[in-house]
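Work through the following exercises with the sequence and the structure at hand. Each task is followed by a solution in steps.

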Amino acid sequence: MATTKKGLSAVLNARAEGCGTETVVFAHGYGTDQSIWDKIVPLLSENYRLVMFDWPSSGTVNDQILYDTLKYSSLEGFADDLITLMCEMDLKAATFVGHSMSGMIGCIASVKKPDLFKRLILVGASPRYLNSDDYEGGFNNSDVEQLLLNIETNYENFASSFASSIADPINDLSVIKYEKCLKRMRPEVAHSLAKAIFYSDWREILDKVETPCTIIQTTNDSAVPLKVAHYMEKKIKGEVTLEIIDTIGHFPQLTAHLKFVERHWGCSHHHRVNFHRSVAEAGRDRDDRREEATRKHSLEGGSQSEDAQGTAQTAVELKICGWRPRRRGVWQRQGTEGTARAMGGTAAAITIQELRWLDSKTAVSHGAPSTTGRSFCRLSPSFFFAYDFLA
C-alpha cells in the first residue's frame, strides 16, 4: 500500500511502497518523472521498501513556484532537496538509484551526508557532458548551444527529436514515454535545467565519494559514452562495480528492465521465466514491425527489382536503427551525416545487430561529425554497406 509524508515529500509527490527491511530510493533524470520506474517497481516491491518522487523540475509537480532558477542552476540544489527529503521520511542507509543527472546528485548528497546512503546505483550518470582535450563527455559546445536554441525556439519539436535521439529508436514505447514526459515539462524549466546539466563539471567530486557505487551503463548511449562510465569507475574513491547492459539508449529501466533488475538485485524464478518470455516477445514484435515496414515500402514503390528491394530493405533497417533520410541518398543520425547505399546485391540478410556493430565501428573510426572518410562494411555474403562521412 502506498504512503506519503507531509512537507517537501508531499509537494514532490513522494510515495513509499513495498515490503522489506532495506529501502531503495529512486530518482529520475532530466525531463522525466517517477513513472520512469514503473517497470522496476513491481519486480522489487515484494522484497524492498521503495521510495519514488518527482524533482521540482518535473511537469508532474503542481507547485510551479517550487522551481527556483537560481537554486537549481547547480545540481547541488537538488542534492540539498534529496537530503531534506530523506531526513523528512526518516530514511537512513538507503540504496539510492539515480538516473542520468540524479547519479551525480546522489554523489554530491553522499559526500554531504554519507550516513543516509548504503550504496549508490548510478544509471547513465556523467560528471561532465562537454568534451575537452583530455576528456570525452559526448557533446561539443556547439551541440549544447544548438540544443538550448532548439528548446527556446520550438520546444515541441525539441521534445520529439531529443526523445528519438536519447531513447532507443527500436523501442517505440521508450521514445513515446520520454517524449510525453518532456512535453509535460515547462519550456523555461527545460532550458534552465539543460544549462545547469550540460555546462556542469562535477569530476572533482568523484574522489570524495566513499559510498560503495554500482555504475549501470548501456552499450550504446548517445547521451553518455561508455568512456564516461570507465572514467567514473577509475575516479570514484569508494568501492565501484561497473555493470554494462547490452541495450541501446539512455533508459535501461525502460528498454531492458528485467536485465536491469537481475544485474543488481537478482531475480525470482517467476521473474526469470517472464524475462525470457519478454525477450522472445520483443524479438517477434521487432520482426513484425520490420516486415510491415517493408510491405508498406513495397506497396508505395510498386514492383521492384532484387537490387531495388535490397535498397528498400536497407532504408527500412536504417529507419528502425534511428537513421533518418535527409535528402536523396543521404542519411542522418544524432547529428552525424553520411551516405548509405546497398552494393553487390540484396540487403535482405541485414540485421539490427549488424547495423549496431556498424554504428559502433564508424563511431570509433571517425569520431566527430565533421570528419571526412568512408567506411565499407560487409554485412552479409551478398550485401555491402557504404558509409561516407561528409565534411
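**Exercise 1.** Determine where Gly 138 is found and whether Gly 138 counts as buried, partly exposed or exposed.

*Solution.* The model is predicted, and the steps below apply to that model.
Step 1. Gly 138 belongs to the loop that runs between strand E5 (117–123) and H5.
Step 2. The relative accessibility of Gly 138 is 32%. Buried means under 20% and exposed means over 50%, so Gly 138 counts as partly exposed.
Step 3. Leaving aside neighbours within four places in sequence, Gly 138 is in contact with Tyr 129, Asn 131 and Pro 225.
Step 4. From C-alpha to C-alpha, Gly 138 and Asp 221 are 9.6 Å apart in space, and 83 residues apart in sequence.

**Exercise 2.** Describe how the axes of helix H5 and helix H8 are arranged, and name the residues through which H5 and H8 meet.

*Solution.* 
Step 1. Helix H5 covers residues 141–153 and helix H8 covers residues 187–198. Their axes come within 9 Å and cross at roughly 170 degrees.
Step 2. Angles over 145 degrees count as roughly antiparallel, and therefore H5 is roughly antiparallel to H8.
Step 3. On the H5 side, the residues that meet H8 are Val 144, Leu 147, Leu 148, Ile 151 and Glu 152. On the H8 side, Pro 187, Ala 190, His 191, Ala 194, Lys 195 and Phe 198 take part.
Step 4. Sorted by class, this contact of H5 with H8 has 8 nonpolar, 1 polar and 2 charged residues.

**Exercise 3.** Identify which residues touch the most other members of the largest nonpolar core, and list contacts of Tyr 30.

*Solution.* 
Step 1. The largest nonpolar core has 96 residues, and Tyr 30 and Phe 260 touch the most other members.
Step 2. Not counting residues up to four places away in sequence, Tyr 30 touches residues including Met 101, Phe 158, Phe 162, Tyr 178, Leu 182 and Met 185.
Step 3. Ile 151, Ala 190 and Ala 194 are also among the residues that Tyr 30 touches.
Step 4. In soluble globular proteins, nonpolar side chains tend to be buried together.

**Exercise 4.** Compare Asp 90 and Ser 100: what is the phi of each, and is each buried or exposed?

*Solution.* 
Step 1. Most residues other than glycine have a negative phi.
Step 2. Asp 90 is not a glycine, yet has a positive phi of about 55 degrees. For Ser 100, also not a glycine, phi is positive at about 60 degrees.
Step 3. Asp 90 lies in the loop between helix H3 (75–88) and strand E4 (94–99), whereas Ser 100 is in the loop between E4 and helix H4 (101–112).
Step 4. With a relative accessible area of 58%, Asp 90 is exposed. Ser 100 has 8% and is therefore buried.

Technical notes
Residues are numbered from 1 along each chain as its sequence is written. This is a predicted model: local features need pLDDT of at least 70, side-chain atom pairs count only at pLDDT 80 or more; totals for chains, interfaces and linings use all residues. Side-chain values use heavy atoms; hydrogens and water are left out. Axes are lines fitted to C-alpha atoms, for helices over the stretch in contact, and angles run from 0 to 180 degrees between N-to-C directions. Helices (H or I, at least four residues) and strands (E, at least two) are DSSP runs, numbered from the N terminus. Angles under 35 degrees count as roughly parallel, over 145 as roughly antiparallel, 65 to 115 as roughly perpendicular and the rest as oblique. Contact means heavy atoms within 4.5 Å. Ala, Val, Leu, Ile, Met, Phe, Trp, Tyr, Cys and Pro count as nonpolar, Asp, Glu, Lys and Arg as charged, and the others, Gly among them, as polar. A nonpolar core is a set of buried Ala, Val, Leu, Ile, Met, Phe, Trp, Tyr and Cys residues joined through side-chain atoms within 4.5 Å. Buried means under 20% relative accessible area, exposed over 50%, partly exposed in between (1.4 Å probe, protein chains only).
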